[in-house]
Amino acid sequence: MQHNAPVPDEGSGIGDHEGAGVEAAGDGAALLDELRAAIGKYVVLPSQEALTAVTLWVAATHIQTALQHAPRLAVISATKGCGKSRVLDVLYETVHDPMMTVNTSPAVVFRTIGKIPPTLLVDEADTIFGPKASGDSEILRGLLNAGHQRNRPAWRISGPEHKPTPFPTFAMAAIAGIGDLPDTITDRSVVLRIQKRKPGEKVAPFRSRYAAPELNALRGRLAAWLGPLRSTAARMVPQMPVEDRAADTWEPLVIIADLASGHWPAQARAACVAMTRFEAVQDEQTNVKVRLLRDIHRIFERANNPEVLSSQDLVAALIQDADAPWAEHGNKGLNAHHLGFLLRDFDIRPANYRFAGGRQAKAYTRNRFLDAWARHCPHLTEATSEPVHGGAPARPAQGKPPAAPAGSLPVGPPAGPAGPKRTL
């Protein structure tokens with residue numbers, strides 16, 4: 001963990017940064033333009049709105065003490081190698097008092113946050129919140145949730161007299177990882193869904209020896225510009241284009257834009273609307289996909305957890321559930337193509353299998369769902385007995401056989417002559 005960047009003086013707001021200068025009144029917009037160009041020089045973000053949001057988020061870290069909410073910046077991707085860590089590298093050189101960590105304990109975090117909080121930069125978040133995470137992950141999640149709003153301290157017994165002591169949690173945080181973060185964190189975040197660069201998308205190589213001085217100079221100028229404006233920022237109640245928690249999260253960014261004036265107020269609000277609408281669609285799709293995972297888990301369980309289910313059988317079973325949305329999914333109900341599309345984000349794909357009697361069909365193996373169930377449906381328990389290869393199947397409860405999906409399931413033990421075999 002690194003936590004060695006200089007802390008700005010609370011009175012002036014001017015940090016001890018090399019190259020720090022004082023921006024003349026009205027130059028805030030030009031400074032944000034420079035910062036935006038510098039960030040875009042080293043990273044490719046998913047949209048121009050996302051680049052605008054990151055620029056404003058960086059600037060907002062320099063007035064944290066004047067804010068009522070500390071928005072999280074969620075930097076997530078579906079796969080590795082998309083540039084999440086590079087985004088954190090750029091943030092480390094531009095935000096107020098960066099505290100970079102790959103893995104840390106909740107105790108370290110809430111003992112580090114004080115009256116003038118650092119900016120938390122958390123990489124490899126999937127190792128913290130993944131299915132194999134330790135019990136501390138829930139404590140850290142709660143701390144990050146609480147720290148989104150001022151006056152939500154974490155109480156601990158502390159000191160030689162073992163007195164209950166409040167520890168501040170309020171601090172802006174950027175959190176990067178593969179896969180979605182917990183919903184409660186995403187709901188408090190400006191979300192960047194990073195993708196791999198296209199062949200034609202070029203960025204400058206990031207080398208600290210020459211990138212850091214350039215970015216540190218911008219950090220110093222941000223602190224010099226915004227320091228004297230803290231009291232003004234604390235009194236501002238900007239008009240927001242969104243409501244509720246989205247407004248809480250985006251308000252600091254809009255405050256920065258309004259302080260800068262020029263084209264930034266309109267640009268910030270346009271980015272706010274576009275990105276929150278996009279996340280609303282993503283949330284709706286995610287909810288549908290998580291519902292699909294839960295329903296498929298139930299279908300496998302009712303069928304006594306076979307090793308394989310054909311796409312046809314799985315679709316038929318999903319459609320037969322009168323309480324589920326699958327019969328009305330799309331124009332004519334869920335089909336195998338829709339199913340494959342919905343499961344693709346979980347890296348679950350069908351393959352050709354040969355079933356009893358020589359029948360070949362596209363099918364899904366149960367093992368391919370295990371990781372997705374663990375990540376997205378952690379409340380589901382694997383209490384159902386696994387199929388016993390070469391032996392008798394598990395005895396169903398109450399002596400009543402489970403309801404099987406429509407169509408024919410694989411017959412016989414999977415390893416035997418009549419079991420499913422993957423065709424090459």
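**Entry 1: two helices**

I began with helix α11 (residues 264-302) and helix α12 (residues 311-320), whose axes come within 10 Å and cross at roughly 105 degrees. Angles from 65 to 115 degrees count as roughly perpendicular, so I noted α11 and α12 as roughly perpendicular to each other. I then listed the residues that make the contact: L292, D295, I296 and I299 from α11, and L314, A317 and L318 from α12. Sorted by class, the contact of α11 with α12 holds 6 nonpolar residues, no polar ones and 1 charged residue. I note for the record that this is a predicted model.

**Entry 2: the chain as a whole**

I counted 14 helices and 11 strands in the chain. Of its 424 residues, 46% are buried. I also looked at contacts with a separation of 6 or more: 73% of them are between residues 24 or more positions apart.

**Entry 3: the parallel sheet**

I traced an open sheet of 5 strands, with the order β2-β3-β6-β1-β7 and parallel pairing. Which strands stand at the edges? They are β2 (98-101) and β7; each has a single partner strand, so one side of each lacks a neighbour in the sheet. Direction ignored, neighbouring strands of this sheet are turned by 15 degrees against each other on average.

Next I followed strand β1 (residues 72-77) to its partners. With β7 it pairs in the parallel sense over 5 bridges, and L73 stands opposite V190 in β7. With strand β6 (residues 173-178), β1 pairs in the parallel sense over 6 bridges; here I76 stands opposite G177 in β6.

In β7 (residues 189-193), 4 of the 5 residues are buried, so the strand is largely enclosed by the rest of the structure.

I also looked at what covers the sheet. Helix α3 (residues 84-92) lies across β1, β2, β3 (119-122) and β6, and runs at about 165 degrees to β6.

**Entry 4: D126**

I found D126 in helix α5 (residues 125-129). Its relative accessible area is 23%, so D126 is partly exposed. Leaving aside neighbours within four places in sequence, I find D126 in contact with G177 and I178. G177 is the residue in β6 that I76 stands opposite. I also took the C-alpha to C-alpha distance from D126 to D180: 8.3 Å in space, at 54 residues apart in sequence.

**Entry 5: T52**

I placed T52 in helix α2 (residues 48-60). Is T52 buried or exposed? With 2% relative accessibility, T52 counts as buried. Its side chain is joined to that of R36 by a polar contact of 3.2 Å. Not counting residues up to four places away in sequence, T52 touches R36, W264, Q267, A268 and A271. I compared these numbers with helix α11, which spans residues 264-302.

**Entry 6: D345**

I located D345 in the loop between α13 (336-344) and β9 (351-354). D345 has 57% relative accessibility and therefore counts as exposed. Which residue does the side chain of D345 join in a polar contact? The partner is K289, and the contact between the two side chains is 2.5 Å. D345 and K289 are 56 residues apart along the chain, and their C-alpha atoms are separated by 9.0 Å.

Technical notes: Residues are numbered from 1 along each chain as its sequence is written. This is a predicted model: local features need pLDDT of at least 70, side-chain atom pairs count only at pLDDT 80 or more; totals for chains, interfaces and linings use all residues. Side-chain values use heavy atoms; hydrogens and water are left out. Axes are lines fitted to C-alpha atoms, for helices over the stretch in contact, and angles run from 0 to 180 degrees between N-to-C directions. Angles under 35 degrees count as roughly parallel, over 145 as roughly antiparallel, 65 to 115 as roughly perpendicular and the rest as oblique. Contact means heavy atoms within 4.5 Å. Ala, Val, Leu, Ile, Met, Phe, Trp, Tyr, Cys and Pro count as nonpolar, Asp, Glu, Lys and Arg as charged, and the others, Gly among them, as polar. Buried means under 20% relative accessible area, exposed over 50%, partly exposed in between (1.4 Å probe, protein chains only). Two strands pair if DSSP finds at least two bridges between them. A polar contact is a pair of N or O atoms within 3.5 Å; within protein, one must be able to donate a hydrogen and the other to accept it, and residues adjacent in sequence count only if both atoms are side-chain atoms.
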